[in-house]
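The following report concerns a predicted model and describes selected packing features. The sequence and structure are shown first.

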Amino acid sequence: MRKMLKVLKNIFFTFIASFLFVVLAVFIYHNYQKGKESSLINVGTSIDFNNKEINVYTEGNGEDTYVFMSGSGIAAPVYEFKGLYSKFAKENKIAVIERAGYGYSDVFHDDRDIDAILEQSRKSLMESGNKPPYILVPHSLSGIEAIYWAQKYPSEVKGIIALDIGLPHQYVTHKMGMVDSLTVRGVNILTKMGLHRLIPSAVYNPEVIRQSFLTDHEKEMYKALSYKQFFNDDMEQELIQSYNNGKKSFNLPIPKETPILFLDAVADENKNSKYTIQKNEDYEEFAGKLLKADVIKLKGTHSIYLYAPDEIYDLAMEFIK
């Protein structure tokens, strides 16, 4: 019995030592790669915020400026959204705002309060030469900011093309529970250790690599930026603060005079799910309170900008006219 316990104890400590060795090796490799990635060539205009910078990428010319706002965890928006915004840029001006912690922007390590996020976006756009009014193109979590923008500064928002966004009241109704909160914090800790480099498909969207809207060099930049920024402190805080941020918007009057086109992504495998049905009902209810709005279902996953860029562009042009 003692011999067996001794063997098991040796196996246990050997496993722990091996695990710690692997973690240490991954941590060293992660920081080595971060050093290499820090020399990436910037794409866009950097706006200073007390020695922290936010990146804004601008392209094209035209009367209207379409502002692309990424959802949570899209670590390299300038690259991930290129397949969509390049279609708009042919006849319009576009701007991709990379929030703090995203893309080529710095991590701010703040509490990600919606008022701070909005003021950073407004200042970054204006100082990069993009003057209002804007047509906002938010995806997912950035729907809170887009609607809040229209509520606080209605003259700056000509319209919203909402890409499968989360509505403010949804984040209030479905407040993040303790388990979800601990999961978010846990993933953030594991990311600091560099363990995310062992699961590439969780770091960046393989569909971006599969498609051809990026050059080979841009795909490498996309991967490198994704590894560098994945689930950092700002991304963690955005999710943790989603209830409070959604509540600030929810407590204000609905921006009834702002035209909003809701593009509802519906995947075949989820089309009859309770979540999908409820999401569409929420969009229809919100749209019914606006003077000009429409809700259109698009076939595809939540990352609908990768699967229906031509359709999104055509619908947006028709709606804005």
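Which residues does Phe262 touch, not counting residues up to four places away in sequence? They are Ala162, Ile165, Leu167, Tyr283, Phe286, Ala287, Leu290, Asp294, Val295 and Ile296, where contact means heavy atoms within 4.5 Å.

## Basis of the model

Residues are numbered from 1 along each chain as its sequence is written, and side-chain values use heavy atoms, with hydrogens and water left out. In this predicted model, local features need pLDDT of at least 70 and side-chain atom pairs count only at pLDDT 80 or more, whereas totals for chains, interfaces and linings use all residues.

Buried means under 20% relative accessible area, computed with a 1.4 Å probe on protein chains only.

## Helix 13

Helices (H or I, at least four residues) and strands (E, at least two) are DSSP runs, numbered from the N terminus. In helix 13, the buried residues are Thr276, Lys279, Asn280, Asp282, Tyr283, Phe286 and Ala287. They lie on the same side of helix 13 because they cover an arc of only 155° around the axis, taken from the directions from the helix axis to the C-beta atoms. These buried residues pack against helix 5 (143–152), helix 6 (168–173), strand 7 (260–266) and strand 8 (293–299).

How values were computed. Buried means under 20% relative accessible area, exposed over 50%, partly exposed in between (1.4 Å probe, protein chains only).
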